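Please keep the sequence and the structure in view while reading.

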Amino acid sequence: MRTIVAKNVSKSFGKKEVLTTIDLTVNKGEIYGLIGPSGSGKTTLVKILVGMDSDFSGEVTVLNQPMPNMSALSHIGYMAQSDALYPELTGEENLQFFASLYELKKTERKERIMYAAELVQLTPHLSKKVMAYSGGMKRRLSLAIALIHNPEILVLDEPTVGIDPELRLSIWGELTRLKQAGKTIVVTTHVMDEAEKCDRLAMVREGKIITSGSPAELKKQYEAVDLENVFVKAGGKRG
Ligand SMILES: Nc1ncnc2c1ncn2[C@@H]1O[C@H](COP(=O)(O)OP(=O)(O)OP(=O)(O)O)[C@@H](O)[C@H]1O
């Protein structure tokens, strides 16, 4: 099933075109990666996909509904690149606040908070104020918030930046479990070893998708030893 479809999406800031005729389809139960150097347009694209930006040309549908769309929002968990947290509140209060935005029953809400906090290994830190969190802890809390309402679709903008390698692996392990449970996951990254873990990916450069496919297909097509090499051969240069 096609969960997210973008057709002919272009976007400009003033005279500068930052996305050019983007076409992509993300299916239920897959991890779809957007890979590209800083400034290539990944964040701009995911904001359009989650309905945060309606100022674009082309067409985006999520669960068959044209975006932006209010009813699609409850099915999407979005983790932005910059953390939108309440520093004066504790980690737990932040989770409670975001959980309260959704119609979760009290026991479910409690379970989801415990699950999400445990997943990102913040359980021992839940009673601390967020202003005392490190950068990595804030990223982890943002990821927990994106998961809080058990959304069908997860859109994660550089979720593992500032997170240590061990936890990074465990987060990817959980993303794999979530997709096996039928979730649809879009993730942006510029780390090539994370790109390897995606089922399919699109390589983005200067607002264009320069190539797309599964990691194995891409390496075969470009006769490349790794995805870094695919990126170079597909005309991505090195960002
Ligand atoms: N609000 C804005 N006004 C003007 N230009 C913008 C704005 N937001 C982004 N841009 C420009 O659009 C281009 C794409 O930026 P975007 O943040 O989408 O890239 P990115 O691939 O997500 O990079 P990064 O990984 O560094 O976040 C950049 O050239 C950026 O300077």
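## Domains and sheet

The centres of domain 1 and domain 2, taken over C-alpha atoms, are separated by 24 Å. The assignment, automatic or from a database, gives domain 1 as 1-32 + 40-65 and domain 2 as 78-184. This is a predicted model, in which local features need pLDDT of at least 70 and side-chain atom pairs count only at pLDDT 80 or more, whereas totals for chains, interfaces and linings use all residues. Residues are numbered from 1 along each chain as its sequence is written.

Twelve residues of domain 1 are in contact (C-beta atoms, placed from the backbone, within 7 Å) with nine residues of domain 2. On the side of domain 1 that touches domain 2, the elements giving two or more residues are β1 (2-13) and α1 (42-49), helices being DSSP runs of H or I with at least four residues and strands runs of E with at least two, numbered from the N terminus. The largest share of that side, three residues, comes from α1.

An open sheet of six strands has the order β6-β7-β8-β3-β9-β10, with mixed pairing, where two strands pair if DSSP finds at least two bridges between them. Because β6 (76-79) and β10 (208-213) each have a single partner strand, they stand at the edges, and one side of each is left without a neighbour in the sheet.

The two helices below pack on the sheet, with angles running from 0 to 180 degrees between N-to-C directions of axes fitted to C-alpha atoms, for helices over the stretch in contact.

| Helix | Strands touched | Angle with β8 |
|---|---|---|
| α1 | β3, β7, β8 and β9 | about 160° |
| α6 | β3, β7 and β8 | about 150° |
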